[in-house]
Amino acid sequence: MTKPLTLLLSGLFAALCWTAADMLLVGFVQSPEQYPLFSHTLASALGDDVDLAVLMLAGSPQRLFWGVLPATFSLPFYLASAFGVRRLLRGKAAGAVLSLLSAGYALSPLGHAGFYYMGISAQTLLHSPPEAYPMLLAQFRAFHAMLAVHWFASVGLLAAGWLVLLVLLVQTVRGQTVLPRASVWANPLPVGAVVAGVCSLFPQSAAAACIGGATFNIAQAVFFASAWYCLYSNYQHQKEHR
């Protein structure tokens, strides 16, 4: 029993590290109108990337730097936690969840760190002479392409893994796991939907921007904390009745 507890605790630690990293790296209110260079002068060249280009302009290079490190160096704990999640499932779904979450976590560092390079590139563009725009725009697009490949692959795999965890949700309702039925509401899917929905109601709030930027990892933190507490309580109950 202690091994699953440790694995789930690893997930909680990683989720908190990634939450802090998300808040530092992308926890900003998007304000394109404050940067006419991007919203007007370069709008046609940037296309749909205007909001992304201005997202991190308000952050200092030091803040963006520290928005990467907690995530990349805590990745091993996320990878370990995938084995803890596997212990919560029965049948073929367990192996599917382990594979999907492990692959998604493994690809996530570059998908996360890519925002740093795009932020620094946009800041450089903001303070450069017009003759440097074409070269810097090409660099920005190249960074975006690299980020997009890894971000979509990582998020897609992780989302698929948590979708498979719907099996866990059904099993919990039917009382077929060690988790109590009430823990169904700590599943990352409903938690993430609630967090994202509430934050969307406050588009100009800095606090909502920070929390909203870390929605996925906050949802995972709630899940790992709930699962750990449930398993720990069950373990203590078993010890008392031996």
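Does cysteine 199 count as buried or exposed? Cysteine 199 counts as buried because its relative accessibility is 13%, where buried means under 20% relative accessible area, exposed over 50%, and partly exposed in between (1.4 Å probe, protein chains only).

This is a predicted model, in which local features need pLDDT of at least 70 and side-chain atom pairs count only at pLDDT 80 or more, while totals for chains, interfaces and linings use all residues. Residues are numbered from 1 along each chain as its sequence is written, and side-chain values use heavy atoms, leaving out hydrogens and water.

**Overall fold.** The protein chain contains 12 helices and zero strands; helices (H or I, at least four residues) and strands (E, at least two) are DSSP runs numbered from the N terminus. The C-alpha trace spans about 75 × 30 × 30 Å along its principal axes. Of the 242 residues, 47% count as buried.

**Helix H7.** Residues 92–126 make up helix H7, which has 35 residues. From its first C-alpha to its last, H7 reaches 52 Å, close to the 51 Å expected at 1.5 Å a residue; the expected span is 1.5 Å times one less than the number of residues. At serine 108 the helix bends by about 40°, and proline 109 follows within four residues. The bend at a residue is the angle between axes fitted to the seven residues ending there and the seven starting there.

Alanine 106 and tyrosine 117 both lie in H7.

| Residue | Relative accessibility | Class |
|---|---|---|
| Alanine 106 | 47% | partly exposed |
| Tyrosine 117 | 44% | partly exposed |
| Valine 198 | 43% | partly exposed |
| Cysteine 230 | 13% | buried |

For tyrosine 117 and valine 178, which are 61 residues apart along the chain, the C-alpha separation is 43 Å.

**Cysteines.** A disulfide is taken as a pair of cysteine sulfur atoms within 2.5 Å. By this rule there are zero disulfides. Cysteine 199 is in none, and the nearest cysteine sulfur, that of cysteine 210, is 9.6 Å away.

**Surface patch.** Valine 198 lies in helix H10, residues 188–200. Val194, Val198, Leu201 and Phe202 form a nonpolar surface patch with about 410 Å² of accessible area together. Such patches consist of residues with over 30% relative accessible area and no salt bridge, with nonpolar side chains (Val, Leu, Ile, Met, Phe, Trp, Tyr) joined within 5 Å and like charges within 9 Å. A salt bridge is a side-chain nitrogen of Lys or Arg within 4 Å of a carboxyl oxygen of Asp or Glu. Accessible areas come from the Shrake-Rupley method with a 1.4 Å probe; for residues, only the protein chains shown count as cover.
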